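I opened the notebook to look up how the parts of this model meet. I took the interfaces in turn and then went to the rings.

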Amino acid sequence: MAETIVRKRTYLVVWAGLMVLTSVTALVSCINLGQWNAPVALAIACTKALLVALFFMHLRYESSKIVWVWVLAGVFWLSVLFFLSMTDFLTRQFLNVPGK
Amino acid sequence: MSAQSSHGNPASGLAAAAPAALQHQFADLEQQRESATLGMWVFLITEVMFFGGMFTAYLIYRVMYPAAFQGASQHMLFWAGTVNTAVLICSSLFVALAVHAVQEDHRRLLVFFLLLALLLGLAFLVIKGYEYHDHWVNHKVPGASFQFDGPDPLHAEVFFALYFLMTGFHALHMVIGVGLVSTIAFLAWRGRFSPAYHTPVDNAGLYWHFVDIIWIFLYPLLYLIGHRRLW
């Protein structure tokens, strides 16, 4: 159960990937994709965050299951925060209630 | 085989390299390291929820006033946000390489990479400060002197309030990170860490990468809303 030593090469490849994705998201924001600019930018951001978490933060090599339980619990409750909040704000105009 | 185990530590497989770092409540350094890593992740998850509240506020207002947010975002310094994203990614690489260096017992390389990360962290804060100054002179700070000539200035002001709140808390985390990495670099220079014991380096690294991840989301949400002119 000794800790894993990640190869330098892996770090450099991940770094290169992050830099490429940053350039891509900056350039794509200059193209008018209409409704699609935000989802594309967020998808790229999620990919970058995943790369940082899995490799720089060693999650990919984490053998302790309880760490994974905490991380997934964090993701789960963050989703609850976002989605349940939006079930309110996105549905207020469904019924014509005054003072929505 | 260790003099320290005279306090009744039953672990015979104790790592002989740095037994001084072992606290008495742990069986061995491995268990101590796993506990510290778990504790750090628990702390980071509380940080995720802390920023999560602000991201939710942002989400709600952006859904309610998309045009105001798009207009206000055009007043961000696009180049500064992009450069700062690259700066933080490079600093994260150096922190990751610092962890690699201590695992391989390269003390000088460890200190060198930590100082590089520190330098980039400070560069980030300087660029951020320049941006804040730019918003200040252009009357983009919410309050009595706020001016906005686009559509819906009231809700553009909401955007700027959220911008200062979120980047402000992020910058505060950067300041704490700079202090943390300075301390770790000093301790590393004094020779406190070894391949057997370097948990503080790992955990400071986890914090640094977490702050990087927050920025990875702030960058598209604040700087890249909708279509913009290049530069």
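**Between the domains of chain A**

I looked for salt bridges across the interface of domain 1 of chain A and domain 2 of chain A, and the rule finds 0. A salt bridge needs a side-chain nitrogen of Lys or Arg and a carboxyl oxygen of Asp or Glu. Polar contacts came next. I get 1 residue pair across this interface, with both residues at pLDDT 80 or more. The model is predicted, and side-chain atom pairs count only at that level.

I checked the bounds. Domain 1 of chain A covers 1-61, and domain 2 covers 63-92. Their centres, taken over C-alpha atoms, are 21 Å apart. For the contact I note 4 residues of domain 1 of chain A and 4 residues of domain 2 of chain A. About 350 Å² is buried between these two domains, and carbon and sulfur atoms give 68% of that area.

**Between chain B and chain A**

I moved on to the chains. The contact takes 52 residues from chain B and 48 residues from chain A. Chain B and chain A bury about 4,300 Å² between them, with 80% on carbon and sulfur atoms. I ran the salt-bridge rule here too, and it finds 0 across the interface of chain B and chain A. The polar-contact rule gives 1 residue pair, both at pLDDT 80 or more.

Which helices of chain B each supply at least two residues of the side that touches chain A? I wrote down helix 1 (29-64), helix 3 (78-103) and helix 6 (199-223). Helix 1 of chain B gives the most, with 20 residues. I then sorted the side of chain B that touches chain A by class: 31 nonpolar, 13 polar and 8 charged residues. Charged residues are present on that side of chain B, yet the rule finds 0 salt bridges across to chain A.

**Aromatic pairs**

How many aromatic pairs does the structure hold over all chains? I have 24. I picked out one of them, B:Trp79 with B:Tyr130. The ring centres are 5.9 Å apart, and the planes make an angle of 50°.

I placed both residues. B:Trp79 lies in helix 3 of chain B, and B:Tyr130 lies in helix 4 (residues 107-137) of chain B, so the pair ties together parts that are 51 residues apart in sequence. Helix 3 of chain B also supplies residues to the side that touches chain A.

Technical notes: Residues numbered from 1 in each chain as written. Chains lettered and ligands numbered in written order. Predicted model: local features only at pLDDT ≥ 70, side-chain atom pairs only at ≥ 80, totals over all residues. Heavy atoms only, no water. Domains from an automatic or database assignment. Contact = heavy atoms within 4.5 Å. Buried area = accessible area lost by both parts, 1.4 Å probe. Salt bridge = Lys/Arg side-chain N within 4 Å of Asp/Glu carboxyl O. Polar contact = N/O pair within 3.5 Å; in protein donor to acceptor, adjacent residues only side chain to side chain. Helix = DSSP H or I, 4+ residues; strand = E, 2+ residues; numbered from the N terminus. Nonpolar A, V, L, I, M, F, W, Y, C, P; charged D, E, K, R; others polar. Phe/Tyr/Trp six-rings, centres within 6.5 Å; stacked < 30°, edge-to-face > 60°.
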